Amino acid sequence: MMKRILKSLLVLLAAAAGLSATACAADFSMPAVTLTTAEDGSQQYTLSMQILVFMTALTVLPSLIIMMTSFTRIIIVLSILRQAIGLQAAPSNQILIGLSLFMTFFIMNPVFNQIYDRAIEPYSNDQITAQQAFAAAQQPLKTFMLAQTRVKDLNNFLEYAGETADKPENAPMKVVIPAFIVSELKTAFQIGFMIYLPFLVIDLVVASILMAMGMMMLSPVMVALPFKLMLFVMADGWTMIVGTLISSFGIGGG
């Protein structure tokens with residue numbers, strides 16, 4: 001299993017660099033990075049190459065989870081919510097990141113299942129090659145990103161890259177990924193703005209009342225905080241925010 005994973009990662013890295021799998025295997029001439037072929041046709045990489053691929057995968061994986069899934073939108077909205085309430089350290093960053101991560105797994109579960117059924121399982125059963133598995137794994141993730149990407153953002157990045165695509169599905173991943181990230185940032189700030197408004201109204205009302213009563217030395221933020229917390233709890237705010245985020249990705253009936 002480890003050998004299969006290593007071979008798959010090598011093919012993915014070679015494809016990202018614009019190389020073919022054959023060229024990648026043929027150009028290994030460094031003493032510390034060698035590729036040997038057994039009598040049964042299987043290939044074995046040296047320990048140094050295995051460690052290199054493993055460490056590379058560990059460094060790339062967090063970026064993929066953050067930038068190519070729903071994580072970006074969720075963490076930004078939750079951070080804006082904390083700012084709107086007026087709490088600086090509650091919930092803590094660890095709690096917000098943990099909640100965002102598990103919500104990401106929940107939202108992306110159908111996509112991960114498709115990747116497993118179409119790419120990982122057939123590749124594990126030697127039904128397809130590593131390159132075919134890489135191409136099959138891209139499609140569900142690309143479909144998810146395109147569903148959340150604005151056409152304007154996609155066209156802008158196509159123009160920046162000098163690429164053309166008759167349909168969004170035919171756009172290359174190097175264009176889809178940045179367009180998806182920009183669209184996610186815009187959507188997250190739009191949702192955050194709508195969340196911020198009711199708390200801003202409470203701040204304005206409290207500040208006006210304190211000024212009318214001549215209590216200008218009393219901090220409006222400190223006085224408004226319990227009222228904002230009471231409003232958020234009475235409205236079942238966490239359920240509403242989580243439901244809004246989930247439904248924004250087209251999941252559920254909300």
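**Close-up views of a predicted protein model**

**View A. Phe105 counts as partly exposed, at 36% relative accessibility.** Partly exposed lies between buried (under 20% relative accessible area) and exposed (over 50%), with a 1.4 Å probe and protein chains only. The model is predicted: local features need pLDDT of at least 70, side-chain atom pairs count only at pLDDT 80 or more, and totals for chains, interfaces and linings use all residues. Residues are numbered from 1 along each chain as its sequence is written, and side-chain values use heavy atoms, leaving out hydrogens and water. Six aromatic pairs are found in a search of the whole structure (rings of Phe, Tyr and Trp, the latter by its six-membered ring, with centres within 6.5 Å; planes under 30 degrees apart are stacked, over 60 edge-to-face, the rest tilted). Helices (H or I, at least four residues) and strands (E, at least two) are DSSP runs, numbered from the N terminus. Phe102 is exposed, at 63% relative accessibility.

**View B. Phe144 and Phe249 form a stacked pair, their ring centres being 6.1 Å apart and their planes at 15°.** Phe144 is part of helix α6 and Phe249 of the segment after α10, so the pair ties together parts that are 105 residues apart in sequence. Both Phe144 and Phe249 are buried. Together with Phe180, these residues make up one aromatic cluster.

**View C. The largest nonpolar core contains 38 residues, and those with the most contacts inside it are Met145, Leu154, Ile241 and Leu245.** Such a core is a set of buried Ala, Val, Leu, Ile, Met, Phe, Trp, Tyr and Cys residues joined through side-chain atoms within 4.5 Å. At least two residues of this core come from each of α4 (71–85), α5 (93–124), α6 (130–148), α7 (151–161), α8 and α10 (237–248). Helix α4 gives the most, with ten residues. Residues up to four places away in sequence aside, Met145 touches Met68, Met173, Val176, Ile177 and Phe180 (contact: heavy atoms within 4.5 Å).

**View D. Glu184 and Arg73 form a salt bridge, their closest N and O atoms being 2.5 Å apart.** A salt bridge is a side-chain nitrogen of Lys or Arg within 4 Å of a carboxyl oxygen of Asp or Glu. The pair joins helix α8, through Glu184, to helix α4, through Arg73, and so ties together parts that are 111 residues apart in sequence. Glu184 and Arg73 are both buried.

**View E. The side chains of Lys228 and Asp203 meet in a salt bridge, at 3.2 Å from N to O.** Lys228 in helix α9 (residues 220–234) and Asp203 in helix α8 link distant parts of the chain, 25 residues apart. Lys228 is buried, with a relative accessible area of 2%, whereas Asp203 is partly exposed, at 21% relative accessibility. The whole structure holds two salt bridges.
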